[in-house]
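These are my notebook entries on a structure I examined chain by chain. I set down what I looked up and what I found.

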Amino acid sequence: MEPRDLHESAFRTYGPLAHKLACDHLALLRELPLVLAAVLLRQVIVLDASFPRERAVTEAQFTYLASLSTGQLHQLTQGFAALSLSPELVAEDWVRAPQTFEEDLSAYLWASHQIDSFHSLATQFLDTVEKAVPPAPPAASRWAAAIIGSGLRKEGYPLFRKLKPNGVFFPNVTDADGSATILSELARRAAATPVPYGHWYVDGGDPLPVDPAAVSSFSWLQSSPVRDALLRKIQSVIDSGSSGPEMLRSIMAEWAPREDRDSHYDSLIDQFVVNVYGGGSGTQIFSTTFVQWSARELLRRAEPVSLVTRYGPRQRQRGMNEMFAQAAEEMDYAGSLVDADFGAYYTWINLNRLAGSESATFIAWSEAHQQAVAIGPGLPRGAQSPNAITIRRLLDIVAT
Amino acid sequence: MILPGNSSSRPLSPLVLSRREFLRSAAACAALPALPVRALAAPGGRKVVIVTFGGGARDEETFAPDGQENIPNLIKTLLPQSTFFGQVINHGILGHYVATTSIATGVYETFNNFSGVAPPHPTLFEYYRKGLRRPSNDAWLISPSSGFRNMGCSTDRQFGPGYGAGVLLPKLLLSAAAPGHASGGGFDNLLRETYEEPHLAAGTPETQAQLEQLESILHFSPNDFAHRALTMESADELSVYVAKQLMTQAAPSLLWITLHDIDIAHSGAYSLYIDGIQRTDRLCTDIWNSIQSNPEYAGKTTMFILPDFGRDSDANPAGNGFQHHRTGDRASRTSWMMALGPGIRQNAFIERAIDSTDLVPTVGRLLGFATPFAQGSVLPEVA
């Protein structure tokens, strides 16, 4: 199907919000090159399971594109029309299954050496849209904290090596109750600036208590029914021998748990957790990857004002089939520390990609090593504070 | 290419993210023809060993200042003896099977990375064997998994199966040597497939063909092989063990070893990615030392070490840093190559950018055979 042949009936499988947006902008979609129309519909089709910030971005983007004259729209999108597509791609049902189309398109662009051209076009398109529709500033200065849990230790490891040059290193943090203090700060921020899905806590083990009315949260432990159900599915596919890794990956990405199961979470968080397990690589087997990828996706999608991540130990590496089949009893504490250290660094990088990053603050703290690093607009870079300090005091310093 | 700062929250990013990295387990391996085990030496006695520092490693964790601690053996032992190419650009598809095969054909192949199919263009092995009229046991390929099993021979009608490399798949050799003990028998760390290529239960390996390779080519008894394997840490260690035995028993003049432990990075565990790099560093030096201590190879062997490609930059919002190689950015396309051996300048650094496809014509010039369909250029610093 070509975009010019689109009708409202093509969106009948979409959720209510998605259906409305697509129908409202049907005239625009008909004018777009097929590749761009499919990529935009990939966003639209998940609108009902999207966070408020994602919905706002998608809607603003359509509003902007619809405001352009025919000539302006042509100028902005003509590069996508120049991409060569195979007849098989054009024949795909890119309206009802834009995700499948996107995967096949990606493979085709690589194979036909058009992936770099696509990246250039995408960059130009994104630059133009972002310039016209600047990202909304956060409701409060963003704040993120990464806690590297008490069991995670590796002697001689140069902790926070990537983060230290960007802030102040505290080598002597003495606080037996630091995690609770950080979560108290999260609760205080959530109360001070209530934002739906704006304040988050992700735990890589057994979570500490937070007020679910104020803070959105999920954990490795509480989400184990979702993870176990997916792992059972993976195992059944592997045991059947009926599909290769490519199909297995597709099955994981499209997998959905039974609707009648119990869930700890509201529907948006529940769907997010399913996406973390089904779409993330390694999230199903390593709790450290689960936390890092969750933080990355939350920052990208929910654009939170506050985020606390806490890393626990991950299982020791074993044969991949074994890890899919069952969780190990043996933990890798030293490896988990290294993973968490790098995960904290990536969280800081992703925090900096959001609007308002110039005023964002970030702390990472290792309970076992009693070391922390704090980064923020009022803090010097590459500095060290040798004096003993508590987490409460550290949070106060970051806030000033 | 670096996408703009906040583009990860924009609609086109998922397309880049969705690039799949899976390799599919391929069909059964072709049986090798019965031939004398040890090949006569190639004309001039010159040999070439190619090692792919495989699985995708970034400069940041290898030759960049912070990364050098992960590769002490390359830095201290091999680098001073080598001509080092600091910019090897891979302009092809950044999937391990298709990229490694492209290095072996000298052409950026465009087949489906997940298919495990034989390449359409002749491989280095075919050029070598046909050009110099070498027997099948003089060119060998050691592959990390069954997904790479068809890399040794193209479908080109002028070349093809009559000129391909012998292929050894150490994991399948071990499965054949210790049937029924693959899981829970202490071999899991060796039989481990990458995160994105779980070992499928179906597709039973051709046990008889593997046992024949073990006994007639490598001269291992299955029991000894399995017992020795228990002392090893990873699949790549097993591959190097098999390679050294092959060098001792068959002394092929053209040997390609594809290492792959580093690809554990797809699981998102940075510590395991670093472990893989450190192990690969050690194994590369181990191979070089074996070459120097083996009279069939010492003083007449050129060794090339190169990654198949890098991994995504931390700065690229379309990726997730070291975990994948999906963006096609500079970090994921740029790697390095080390050449060592007689006639190769030592301690030389080549700054200009070269291409991943340059290896095949360079080896062709070095050993004296034509590589007519290869797209790369001969590297004059080496050949």
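**Entry 1: the model.** I noted at the outset that this is a predicted model. I have read every value accordingly.

**Entry 2: chain A as a whole.** I counted the secondary structure of chain A and recorded 16 helices and 10 strands. Along the principal axes, I took the span of its C-alpha trace as about 65 × 50 × 40 Å. Buried residues make up 48% of the 400 residues in chain A. Turning to contacts in chain A with a sequence separation of 6 or more, I found that 72% link residues 24 or more positions apart.

**Entry 3: domains of chain A.** I looked up the domain assignment, which divides chain A into domain 1 (3–132) and domain 2 (143–399). Their C-alpha centres are 32 Å apart. Which residues make up the contact? I found 5 residues from domain 1 of chain A and 7 residues from domain 2 of chain A. On the domain 1 side, I classed 3 of the residues as nonpolar and 2 as charged, with no polar ones.

**Entry 4: chain B as a whole.** For chain B I recorded 12 helices and 8 strands. Of its 383 residues, 62% are buried. Among its contacts between residues at least 6 apart in sequence, I noted that 74% join residues at least 24 apart.

**Entry 5: strand E3 of chain B.** I examined strand E3 (residues 139–142) of chain B for the direction of its side chains. In general, side chains in a regular strand alternate between the two faces of the sheet. Here I saw Ala139(B) and Leu141(B) point one way, and Trp140(B) and Ile142(B) the other, with all of them buried. I next looked up the partners of the strand. E3(B) pairs in the parallel sense with strand E5 (residues 254–258) of chain B over 4 bridges, and within that pairing Leu141(B) has Trp256(B) as its bridge partner. E3(B) also runs parallel to strand E4 (residues 166–168) of chain B, to which 3 bridges join it. In E4(B), I found Leu168(B) opposite Ile142(B).

**Entry 6: the largest nonpolar core.** I located the largest nonpolar core and counted 213 residues in it; those with the most contacts inside it include Ile363(A), Val51(B) and Leu173(B). Which helix gives the most to this core? I found helix H10 (residues 270–293) of chain B, with 10 residues. The core also draws at least three residues from each of domain 1 (3–132) and domain 2 (143–399) of chain A. I then followed Leu173(B) and, leaving aside neighbours within four places in sequence, listed its contacts as Leu168(B), Gln210(B), Gln213(B), Leu214(B), Phe225(B) and Val242(B).

**Entry 7: Arg228(B).** I placed Arg228(B) in helix H8 (residues 222–229) of chain B. Why does Arg228(B) count as partly exposed? I counted 15 C-beta neighbours inside 10 Å of Arg228(B), whereas a buried residue needs 20 or more and an exposed one has 12 or fewer. Finally, I took the C-alpha to C-alpha distance from Arg228(B) to Ile217(B), which is 17 Å for a separation of 11 residues in sequence.

Key
Residues numbered from 1 in each chain as written. Chains lettered and ligands numbered in written order. Predicted model: local features only at pLDDT ≥ 70, side-chain atom pairs only at ≥ 80, totals over all residues. Helix = DSSP H or I, 4+ residues; strand = E, 2+ residues; numbered from the N terminus. Contact = placed C-beta atoms within 7 Å. Domains from an automatic or database assignment. Nonpolar A, V, L, I, M, F, W, Y, C, P; charged D, E, K, R; others polar. Pairing = 2+ DSSP bridges. Core = buried A, V, L, I, M, F, W, Y, C linked by C-beta atoms within 7 Å.
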